[in-house]
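Work through the exercises below with the sequence and the model at hand. Try each task before reading its solution.

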Amino acid sequence: MKIALDPYMFRDVPLLELPALVAELGYEWIELSPRDDVNPFFLHPRIDDATVRKFRRELSAAGVGISSVLPLYKWSSPDEDERQAAVRYWKRAIQITADLGVNAMNSEFNGRPEKADRSEGQFWRSLEELLPLFEREGITLALEPHPDDFIEDGHTAVDLIRGINSPLVSFLYCAPHTFHQGNDAPGILRRAGGLTTAVHLADTFDHTASSGLRYIVNPPGSAVRVHQHLDIGQGEVDFDELFRELAANGFDGTLVSSVFAWEERAKESARFMREQIDAYVKKNWSR
């Protein structure tokens with residue numbers, strides 16, 4: 001099992017200094033999420049081959065590896081121009097991942113929930129172009145349903161991933177999206193079984209609680225998706241049941257600390273999350 005840090009709160013740290021910082025914080029693995037000088041949100045990657053080589057040297061010197069690269073592109077967009085651009089960005093991201101010596105990528109379904117049928121069609125079109133590249137490079141892909149994607153429900157996402165019918169494509173469970181996925185972590189994880197290869201760990205509040213009035217958005221009926229990425233214990237996710245079910249399913253993938261809420265105390269948050277994850281792993285996998 002790998003325990004990784006999503007360093008998004010440290011995205012202003014120069015890339016070549018990041019591995020040493022991650023090691024200082026107690027992590028051996030990085031999930032390389034979007035940052036402007038490498039793989040910005042929804043845009044073509046910015047990193048060049050020379051910087052990839054320098055980054056690999058710094059990773060090796062710090063004793064830190066990259067568990068996964070996480071790009072976010074509009075590959076399920078109902079707009080065909082956006083979809084084609086996203087596929088181009090994906091191709092470069094896959095090449096960068098291979099050049100980094102990494103064999104795993106994580107991402108989201110994307111698309112639009114109000115145009116779910118069209119978005120799914122676009123998703124399959126993109127996957128048909130990209131899956132041969134994943135196969136050629138020996139890179140796996142774990143997908144998560146994200147709030148405001150064309151698929152938000154966890155059970156539905158697992159079924160679609162199973163329908164892809166590829167040993168390279170698996171399921172990522174994102175704990176801070178628990179209440180958008182259906183608030184059924186045990187059921188979703190049981191449905192996924194061995195398809196679950198990665199978990200994003202952060203806490204959040206249940207936006208559906210108090211008759212849906214915990215968050216009041218004006219004007220009423222606005223199509224927003226509210227959630228947080230808090231330290232474990234600051235929200236309402238049941239991490240005891242989450243980790244119990246992961247252990248019961250024989251999970252042996254990657255656990256990622258994915259807190260974004262506390263940039264003013266990012267180091268303290270990262271260290272705290274490492275301690276919490278270690279405690280849950282020891283409690284559930286040491287029996």
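This is a predicted model: local features need pLDDT of at least 70, side-chain atom pairs count only at pLDDT 80 or more; totals for chains, interfaces and linings use all residues.

Residues are numbered from 1 along each chain as its sequence is written, and side-chain values use heavy atoms, with hydrogens and water left out.

**Exercise 1.** Find how many helices and strands the chain has, and compare its radius of gyration with the globule rule.

Solution. Begin with the secondary structure, which comes to 10 helices and eight strands, where helices (H or I, at least four residues) and strands (E, at least two) are DSSP runs numbered from the N terminus. Next take the radius of gyration, computed over C-alpha atoms, and the globule rule, which is 2.2 Å times the number of residues to the power 0.38. The chain has a radius of gyration of 18 Å, close to the 19 Å that the rule gives for 287 residues, so the chain is as compact as a globular protein of that length.

**Exercise 2.** State what share of the residues is buried, and what share of the contacts between residues at least 6 apart joins residues at least 24 apart.

Solution. Of the 287 residues in the chain, 53% are buried, a word that means under 20% relative accessible area, as against exposed at over 50% and partly exposed in between (1.4 Å probe, protein chains only). For the second part, count contacts (heavy atoms within 4.5 Å); among those between residues at least 6 apart in sequence, 81% join residues at least 24 apart.

**Exercise 3.** Describe the aromatic pairs that W90 forms with Y73 and with W75.

Solution. Rings of Phe, Tyr and Trp (its six-membered ring) pair if their centres lie within 6.5 Å, and planes under 30 degrees apart count as stacked, over 60 as edge-to-face and the rest as tilted. A search of the whole structure finds 16 such pairs. Y73 and W90 form an edge-to-face pair, 5.8 Å centre to centre with 75 degrees between the planes. Y73 sits in the loop between β3 (65-69) and α3 (80-99), and W90 in helix α3, 17 residues apart. Y73 has a relative accessible area of 2% and W90 one of 0%.

The pair of W75 and W90 is tilted, at 5.0 Å centre to centre and 45 degrees between the planes. W75 lies in the loop between β3 and α3 and W90 in helix α3, so this pair ties together parts that are 15 residues apart in sequence.
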